[in-house]
2 protein chains.
Amino acid sequence: MAMRVILADDHQLVRAGLRSLLQSFADVTVLAECSDGRDALKRVEAMQPDVLLLDITMPGLNGLEVARRVPAISPSTKVLVLSMHVGPEYVTQALRAGVSGYLIKDAAVEELRLALDALAMGKAYLSPAISQSVLHEFMRTGKEDPDADSQLQKLTARQREILQLLAEGHATREIAARLSLSAKTVESHRSQLMDRLDIHDVPGLVRFAIRVGLVSADLV
Amino acid sequence: MAMRVILADDHQLVRAGLRSLLQSFADVTVLAECSDGRDALKRVEAMQPDVLLLDITMPGLNGLEVARRVPAISPSTKVLVLSMHVGPEYVTQALRAGVSGYLIKDAAVEELRLALDALAMGKAYLSPAISQSVLHEFMRTGKEDPDADSQLQKLTARQREILQLLAEGHATREIAARLSLSAKTVESHRSQLMDRLDIHDVPGLVRFAIRVGLVSADLV
DNA sequence: CGCGAACTCAGGTTTTTCCCTAGTCCAAAT
DNA sequence: ATTTGGACTAGGGAAAAACCTGAGTTCGCG
């Protein structure tokens, strides 16, 4: 009973490693590799594999979204999520997306073997590493990133102020009004801080602001 | 850092075996053995152990009930359930009872070691054998998390896709190009998903996408 | 078969952003 | 004392994006 597997991960090296690893298992056949979610869905639909080994963080169409769609296009395919994230925000979503397993990327090879065996028997496999998240669905991970924090220090006080207001969702005009400045000045600050951070789009700024703790992702 | 453990199981031979096993771990001290739930609670209250290794099926007061009462009488004690049952009826009850781990009796010795290590680090441990049950429960109670996941489910697949690309910082045109759509179509999707989420600025969308795990704040 | 929802797109208007330039102020370097 | 440079301010004009309105297609469902 050869297990037919499709591999989806946006990092080439990771894919290659996994492929090699999987092919060392006598009962596993790697049908295809994909580097993005859209491609993965296409191939799953075409090949109807037994297992889709799926990374969560992929550009364009992420793994969670892929997992949600798989049952519709290939009902017999079991999704085994391969993630570097152990946090509840990923774990709970993935489990609800109907996956059959959740493996952590730094798990031992034996765990991959265990997971595949479980899937082959129609059972599920959850990595022990995510036990914590499973138990506490609602847990906050307010961890800081000291590396990105130094980036923040490259900005002037004024720029940080503008950045925060921007990330909070205030329009340029509102910011100008609040700070008693011309809208043009605010634009200017924004442009300059973008240059410094080498981030040239608003979403990037927002992600940065969240990463360094300037704003929180969960404010209403 | 010796780990102080109390053992509760109604079978004498099982207790003896576990005691011997636990004592083979240098960092574990077995404080007491109990053969029923009532006795277990008394000893836990008196000794405030680090870990209560607890069988579920016990006469008088079963393990689930014991687990529920432990936090009140010894808040620092972590409950590690030791059960022969992998079915959802036991698993879900135990997890709701606030245990820190769930081991099945035919697990390997290494698993016990893993579980104890996890507890020592303040983390949880769930035996892979119960993954199936955990997953079932997750899907059954999929009506939870109204502030995040259900919001996301209000969007169509296409809208989620657009939202993700948007939050990743791609310009409208890029998104259109990648999806082989007109820029106008992308605008239309964006506008509609904004209405559905009742979020009317890009930073807000990005924060939302991060909150629900569509994108990660720390991607380059 | 109609109906609604999802998906698609265009034209025209308004708003925002982007790029370039430029002035003032102040502190540090020369 | 003069110059240099960073921070802060701001305008004009071009470019892009967003907004509004309207509309065609498809697809599943009652």
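Colleague: How do the residues of the surface near DNA strand D divide into nonpolar, polar and charged?

Modeller: That surface has four nonpolar, 10 polar and four charged residues. Ala, Val, Leu, Ile, Met, Phe, Trp, Tyr, Cys and Pro count as nonpolar, Asp, Glu, Lys and Arg as charged, and the others, Gly among them, as polar. Please note that this is a predicted model, in which local features need pLDDT of at least 70 and side-chain atom pairs count only at pLDDT 80 or more, while totals for chains, interfaces and linings use all residues. Residues are numbered from 1 along each chain as its sequence is written, and chains are lettered from A and ligands numbered from 1 in the order in which they are written.

Colleague: And which residues are closest to DNA strand D?

Modeller: DNA strand D is surrounded by 18 residues, and the closest are A:T156, A:R158, A:S182, A:K184 and A:T185. The elements that give two or more residues to this surface are helix 8 (157-167) and helix 10 (183-197) of chain A, with helix 9 (172-179) and helix 10 (183-197) of chain B. A residue is near a strand if its C-beta atom, placed from the backbone, lies within 6 Å of it. Helices (H or I, at least four residues) and strands (E, at least two) are DSSP runs, numbered from the N terminus.

Colleague: Which element gives the most there?

Modeller: Helix 10 of chain A gives the most, with four residues.

Colleague: Helix 8 and helix 10 of chain B keep coming up. At what angle do their axes cross?

Modeller: Their axes cross at roughly 100° and come within 9 Å. Axes are lines fitted to C-alpha atoms, for helices over the stretch in contact, and angles run from 0 to 180 degrees between N-to-C directions. Helix 8 of chain B is therefore roughly perpendicular to helix 10 of chain B, a term that covers angles of 65 to 115 degrees.

Colleague: Which residues make that contact?

Modeller: Helix 8 of chain B contributes B:R158, B:Q159, B:I162, B:L163 and B:L166, and helix 10 of chain B contributes B:V186, B:H189, B:R190, B:Q192 and B:L193. The contact has five nonpolar, three polar and two charged residues. Two residues are in contact if their C-beta atoms, placed from the backbone, lie within 7 Å.

Colleague: Now the two chains. How many residues does the contact take from chain B and from chain A?

Modeller: The contact takes 40 residues from chain B and 40 residues from chain A. Among the elements of chain B that give two or more residues to this side are helix 5 (109-120), helix 6 (131-140) and helix 11 (202-211). The side of chain B that touches chain A has 21 nonpolar, eight polar and 11 charged residues.

Colleague: Switching to chain A, what is the order of the open sheet?

Modeller: Six strands lie in the order 2-1-3-4-5-6, with parallel pairing. Strand 2 (28-34) and strand 6 (125-126) of chain A are at the edges with a single partner strand each, so one side of each has no neighbour in the sheet. Strand 1 (residues 3-8) and strand 2 of chain A pair over six bridges, and A:V5 has A:V30 as its bridge partner. Two strands pair if DSSP finds at least two bridges between them.

Colleague: Which strands does helix 1 of chain A lie across?

Modeller: Helix 1 (residues 12-23) lies across strand 1, strand 2 and strand 3 (51-55) of chain A, and runs at about 165° to strand 2.

Colleague: One more: is B:S133 buried or exposed?

Modeller: B:S133 counts as buried because it has 22 C-beta neighbours inside 10 Å. A residue is buried if 20 or more other C-beta atoms, placed from the backbone, lie within 10 Å of its own, exposed if 12 or fewer, and partly exposed in between. B:S133 is in helix 6 of chain B. Not counting residues up to four places away in sequence, B:S133 touches B:V86, B:G87, B:P88, B:V91 and B:T92. The C-alpha atoms of B:S133 and B:V86 are separated by 7.1 Å, although the two residues are 47 residues apart along the chain.

Key
Angles under 35 degrees count as roughly parallel, over 145 as roughly antiparallel, 65 to 115 as roughly perpendicular and the rest as oblique.
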